[in-house]
Amino acid sequence: MASPPLGNLDLEADSPWGDERSISTRTPPISLPQPGDIQPPADDTTAPSINSKPSETPLTSAPVSRPLASKSRTPRRPGQAPVIKLEALDDELGPLGPLGDNFGSPEPSPAATPDQPPKPPNKEHGARVRARAPYRGDLALDSASLDEDDDESISVRRIHGKVPPPVDTSSQVASGSRPGPLSVPVEQAANPTFEIVVGDPHKVGDLTSAHIVYSVRTKTTSKAYKQPEFSVTRRYRDFLWLYNQLISNNPGVVVPPPPEKQAVGRFDNNFVESRRAALEKMLNKTAAHPILQHDADLKLFLESDTFNVDIKHKEKQAPAATESKGMFGSLGFGGGLTGKFVESDEFFHDRKLYLDALEIQLKALLKAVDTVVAQRKALSDAAGDFASSLSALATVELSRNLSSPLESLSDLQIRIKELHDRQAQQDVLTLGITIDEYIRLISSIKLAFQQRQKAFHTWHAADSEFAKKRQAMEKIQRQGKTQQDRLSHASAEAADAERKVNQARVSFEEIGRLLKNELDRFEKEKVEDFKSGVETFLESSVEAQKELIEIWETYLLQMDQEEDEALAYQPVGETSPRPPPPPQDH
């Protein structure tokens, strides 16, 4: 459609677009149509008035040519506006011409709502690239539509005849898959798995420096380690160092503790085995913790081949406060607790009471389990003494028919002794070690409570210091303008004190949040661990009783078989001796 040249237009009356001037709707025009007015074509429908609803004619219908404005116009009367007649025009290019959304697409795009931004397309695996629309005339702007399954499109523009290279998706569509985000590796990196085995305990050193050394074999999917599988050797004090470091590095986190020290009987086989199992459980729980598994000291403990040298180098770079003298001794935060702490949070107050009662009950249960284990060991010793006595009697017995059953019964009692020993050790490793672990975990929770208490005192100490700095600043302000240097210095100190107050408050709240999560985690793991421990305890007891019954049944069958063999083996013509006749009275 050609527009009239600008030189022939009256800018007051004519429009370069060939349309009529709009008028205000507040004063409706009252005029009769003039002979010079342009009449619409006979086959076209006249548009409704201004106050009527717009036509719902689709924008993609056939275009209708618009007549040019007539040069012979009736002069307007003063105070009277010209008559406006609207026509419904069908233009496939839209009011914006080739810049509109309808250009280059055979389907009309949905009308954009001005109050809401356009919804981005959802990319899916079955995306297809549609063929480009044919080039229209000598337009310098063309477009191709990238349709998705949800009928949304992304326009790929071509400016000045330059088209981006096509994307070959045939192989992806044929295979039914597209390269998606690396969700699995990211999840594995965020939640690595650890499988740690503590084994091969053996005694090293001379009489004065003798100790037990354990091999720690680790298998992990974490990319923070050099190898997926590696092995190191550690002693008990190395585990204790790791525990203290994890507590110091992670305030508010309940760290799984190592077993207690024992001065007497520390080289006993049963004690070494129970300690080995407790150390293995400690490391696996630590590595499974979402916070502790990323600690640098845990990585140093599991991976370093020069552990003692690395520890000394680490202490030189950041010297610690004081070395711990015991497992629950000085950890570097006990001296800062000043004043009385009154618990204001009802959640922590109730949990403290619950943990105190739980600790008492667990200690009583552990004492009962120790009594059962002691009785099993006493029964084992009694079975051993009984076996020795039977063996001694069998050696002095001349009759083979009697010495053989006695010797078999002695062997049976030795097997029963071994069974009682094994069952006693199994009770310790299943139920006893679980009870002892949770008694030590309660102690770790109490340490976390102490860390929260220290954070509370630090917060209030910083708040008191900030109040002093603020009072000093206000005092200088009241002295007038002659103390500007002192006022600036006091203001800086007050700002720094306020920053410390905010940091201490945030630290206290963060420790409280972590501790709540840790207590919930403690409850869940406690149920699972005790359920598993009780089930294993019952299964081992049932298996021990079955084995004991099988031992006795085997012995009885053996006795019956020996008796049958003795009756069957007799020489020909030899009869069994007759009993002597009873004495007769004379």
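First, the ground rules. The model is predicted, so local features need pLDDT of at least 70 and side-chain atom pairs count only at pLDDT 80 or more, while totals for chains, interfaces and linings use all residues. Residues are numbered from 1 along each chain as its sequence is written, and side-chain values use heavy atoms, with hydrogens and water left out.

Start with the sheet. Strands (E, at least two residues) and helices (H or I, at least four) are DSSP runs numbered from the N terminus, and two strands pair if DSSP finds at least two bridges between them. Angles here run from 0 to 180 degrees between N-to-C directions, with axes fitted to C-alpha atoms, for helices over the stretch in contact.

Between β3 and β4 (residues 211-220) there are 9 bridges, antiparallel.

Now the helices. Contact means heavy atoms within 4.5 Å.

How do α3 and α4 cross? Their axes come within 12 Å, at roughly 30 degrees, with α4 spanning residues 269-288. The two are therefore roughly parallel; that label takes angles under 35 degrees, with over 145 roughly antiparallel, 65 to 115 roughly perpendicular and the rest oblique. On the α3 side the contact includes Tyr236, Phe239 and Leu242, and on the α4 side Arg275, Leu279 and Thr286 are among the residues.

Is Asp427 buried or exposed? Asp427 counts as buried, because its relative accessibility is 1%; buried means under 20%, exposed over 50%, and partly exposed in between, with a 1.4 Å probe and protein chains only. Leaving out residues up to four places away in sequence, Asp427 touches Val372, Val373, Arg376, Gly432, Phe537 and Ser540. Arg470, at 38%, counts as partly exposed. Its C-alpha atom is separated by 7.9 Å from that of Ala490, 20 residues apart along the chain.
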